[in-house]
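Subject: Handover of a structure for your study

Dear colleague,

I would be grateful if you kept it open while reading the notes that come after it.

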Amino acid sequence: MSVHGGDAAPRGARLNLSAAALRFPQLTLFLMLVVARAGAKAYFDLGQREDPAFTFRMMVVRTIWPGATTQQVDEVITDRLERKLQETPYFKLTRSYSKPGESLIVLELKDTAPSAQVAQIWYQVRKKIGDIRETLPAEIVGPFFNDEFGDVFGTIYAFTGDGFSMEELRRSVEGVRQELLRLPDVQKVELFGVQDERIFVEISPQALAALGLDVRRIAEQLQAQNVVAPAGVVQGASRSVPLRVTGQFDSVREVQGLRLEVGGRVLRLGDIARVFRGSIDPPVYTMRFGARQAIGLGVSMTSSGDVIRLGENLEATMQRLHEELPIGIEFAKVSDQPRIVRNAVGLFMRVLGEAVAVVLLVGFLSLGLRAGAVVALTIPLVLAGTFVLMRWFGIDLHRVSTGALVIALGLLVDDAMIAIEMMARKIEEGLDRFSAATFAYRSTAFPMLTGTLITASGFLPIATARSQSGEYAFSIFAVVTIALLVSWVAAVTVTPFLGYRLLKERRHAAHELFDTRFYRLLRATIEACMRRRWTTIVLTLVAFALGVVGMQRTEKQFFPSSNRAEILVELWLPEGASYRATEEQARRLEAALEQDSDVQTFVAYVGNGSPRYYLSLDQQLFRSNYAQFVILTADVAARDRALARLRRLLHDDFPGVRARAFRTPLGPPVSYAVQFRVMGADADRLKSIAAQVAERVRADPSTIDTHLDWGERSPAVRVEVDQDKARAIGLSSGQVSRALAAAISGATIGQFREDDRLIDVVLRAPPEERASLAGLHNLQIPTAGGRSVPLAQVATIREVLEEPIVWRRSRIPVITVRADIVEGLQAPDVAARIDPTLDALRADLPAGYRIEAGGPYEDNAHAQGSIVAGTPMLLAVVALLLMVQLRSFSLSAMVLLTAPLGAIGVAAALLVSGRPFGFVAMLGLIALGGMIMRNTVILVDQIRQDLDAGSTAWQAVLESTVRRFRPISLTAAAAVLAMIPLSRDVLWGPMAVAIMGGLLVATVLTVLFVPALYVAVYRVRRS
């Protein structure tokens, strides 16, 4: 019975894969060549994209109710729809806004909703809303559903046309769209910024009243002529002949020629009104490129596509189509994801190459030329096998998987280094090459397998995380696990096969190997720690406590800004601002950008946000007071220079506009850095509470531009109809509303058919009358008797203030206090500092009201919580692996106790380097535990082997640690140095720094702390 109580198993009886690889060399070589060839092909066949495939569990439901107030839309439309949407399977929340004439709801599902079921859930949503459609007002338009809210249009072109109308330009772009849809890897091609056309009939309401006409009569006569109705079919003896009646409008001139009967006279519509064709006025959403109105064309890739191949096909096709387009129509690429991905993947491949070079250098310097050559030849084969399995499981090359490959590289050489180091040592001790190779398998294969599985298990919480961030980062677990398993197989087959042929047999006395000056000093240091076991343990615990404190002092981050050479600018005018006012501010910014030498191109979207051209974009929808710019610069340095100038410009030259310029972020979409939600029933009380929250947020020196998302009340004109007077002359409120709409906004009186399009015919007043409120009193309202009366005779007109917008979160009214932060700070840190200052407010809140932290602070907590939720499974899997390998509760517990020690080095590395502790760094901290336990397992298993061989407990602990020092330190050095190239990356840098610092410290503790802990637990005394 050994000290630890475990039972020894006969090792020689196990199947020896190393011996098999050596006994069948031709087969082994053949398999190596097959893997190398397949891996090379798989690498070039792997799809390439910017971000991993991602399921957007969001759906947009938009409903239009012309003429309704914010309160009416909120109560009658939004609330009813949200109540029904709460019945949706996997319902998480709804976020909605109601404003005059419009309701928009974003339905979000729980992260646990299976990706394969999301499409079926969206079908259920449509069905549920359809069930209550008849309970909604008959006048509404919609609801409209967008369940492709997360589609990414990685390539966007902006088309402009000199001498062409927007309709003529649209027709040309539609032709381009048809061509692009034929390309492989293209899922969808959409047009942006297209303006609906109208046939406008402009006539003064006074002129209509003088002629005795009203909107209804004109509409009736127009529809009577334009109707498409069956005229019958003549049934002959041999065939049937359908009858066709002409007269439907097919040109503006025919609309002008519409004949109206007025008081016994017949008038042409064109004689009494101006009839012309034009775009919807005012526009709802426009795209501008080069300070001119443009039409955008966005290309979305299939989920299994290759963005590089798609980019090449698009480039060739667009060059061909450019020659076929009419002269004067030009286009430019305003979003080029293939170029970004090509550069990003190329950069990561260079980083991977640097990491390979570093690892090889470690191998050659530490193991010698021949043993280092074995490791050098093993690495390409492991990578080849990894590429084959990535291709098999459908894992593309993207931001996450390429980072995972670099992380894995520092780990996948561990097994090969351990195996070749053991083989070389046994050859030096006098064994022949075959015996040394097979001994390495018997001695280290299964501890290595257990360590490999434990290391892979360190990434298990990523796989089990039920969050957007976890799904985004899943490829880390998949790629690292694949690489580690392939590396173990290679270590027990390829490494001994190559070592057998490259290593030379040398015979030395066994004591000479570990009797050098260095090893004597190491042995003395380890033995000193074993003798002063409790001092060593206490010092380690103190260091761990300092590490925990240090982790609290690190900057907190969710996801960093990306390194794309782009700037996003948002212009928010006050709620209720017109499209024209927003466009005017956009034109002013365009003029300034044209003078900036660092700005290459820019595109503006007015009345709506940019299409989702990259995964993390926080897309804004249908806001007339909103404009967004996407600004492209030559490189990151130019971006930062332009960003600084742009922020000064927006601050100094755009008063009255809430303007912000920022870098494109990574990770899940987030709007403002600091957000606090105030929720409750009453709008006035909500505003009062939110104002107090805003004061506290504004008081923090780190915040910028603190504001509420509701905005101030905006002016409206209320027309209060005197019902008694109206009824006396045969008027109703509905007639008054229709007359006002016809005069101010226009009334649809028919439709014009052109090819596959239906174009509304709109009757409205001339521009000078539509833009003036002063003439409303004298507006002529037609009555049922055929005469007209001025509006002032039947109604009182007065100005009022009303809510411009009402936000809800799962049916509860909510005001969000939002702010940006000072450059260089981290959003979760700022929000965490502000949140406690709101506790006094929370204590005094009325029942039913609450204040919640949102934004990156909330998302980071949720993402980290989802990762931490996988810790029990991690511990269970690791405990199982340890028990299978060690068969001892005490030894398994000892190994588990070493896992958190990496926090000491992580805290020190992050604090010294100034890197933040974010979601990705947290993944590194968790994975680090697996790496540490791997080394501890191998060491503890070596101690057990020595005990089984008859060594005393003290000598077994001491000599096992000395013998395992070189493979442990070599593998740690390879992992740490391999992270150096990755540490420069924006996304992966904090993780790389965390792993480097944690593994460096943990390696020292493995060699010094674990022996002290072992002799303390088992009360081992020096013989």
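The model is a predicted one, in which local features need pLDDT of at least 70 and side-chain atom pairs count only at pLDDT 80 or more, while totals for chains, interfaces and linings use all residues. Residues are numbered from 1 along each chain as its sequence is written, and side-chain values use heavy atoms, with hydrogens and water left out.

Helices

Two packed helices are described by the angle between their axes and the distance between the axes. Helices (H or I, at least four residues) and strands (E, at least two) are DSSP runs, numbered from the N terminus. Helix H32 (residues 889-898) packs against helix H36 (residues 989-1017) at an angle of about 145°, and their axes are 11 Å apart. Here the axes are lines fitted to C-alpha atoms, for helices over the stretch in contact, and angles run from 0 to 180 degrees between N-to-C directions. Leu891, Met894 and Thr898 of H32 meet Phe1009, Val1010, Leu1013, Tyr1014 and Val1017 of H36, where contact means heavy atoms within 4.5 Å. This contact between H32 and H36 has 7 nonpolar residues, 1 polar residue and no charged residues. In this classification, Ala, Val, Leu, Ile, Met, Phe, Trp, Tyr, Cys and Pro count as nonpolar, Asp, Glu, Lys and Arg as charged, and the others, Gly among them, as polar.

Helix H25 (residues 733-744) has 12 residues and reaches 16 Å from its first C-alpha to its last, close to the 16 Å expected at 1.5 Å a residue. The expected span is 1.5 Å times one less than the number of residues. Val736, Ala739, Leu740, Ala742 and Ala743 are the buried residues of H25; buried means under 20% relative accessible area, exposed over 50%, and partly exposed in between (1.4 Å probe, protein chains only). Seen down the axis of H25, these residues fall within an arc of 160°, so they line one face of the helix. The arc is that of the directions from the helix axis to the C-beta atoms. After H25 comes Gly746, with a positive phi near 105°.

Buried residues

Ile77 is in helix H3 (residues 70-85) and is buried, with a relative accessible area of 1%. Not counting residues up to four places away in sequence, Ile77 touches Thr63, Trp65, Gln72, Ser103, Leu136, Pro137 and Ile140.

Gly930, in helix H34 (residues 919-948), is likewise buried, at 2%.

Arg564 is found in the loop between helix H20 (533-553) and strand E16 (566-572). It counts as buried at 4% relative accessibility, and its contacts beyond four places in sequence include Glu50 and Arg639.

Backbone features

Most residues other than glycine have a negative phi, and most peptide bonds are trans. What kind of peptide bond joins Gly142 and Pro143? The bond is cis, with omega about 0°, and Pro143 lies in strand E4 (residues 141-146). Asp185 has a positive phi, near 75°, and is buried at 14%. Arg887, with a positive phi of about 55°, is partly exposed at 25%.

Yours sincerely,
A colleague
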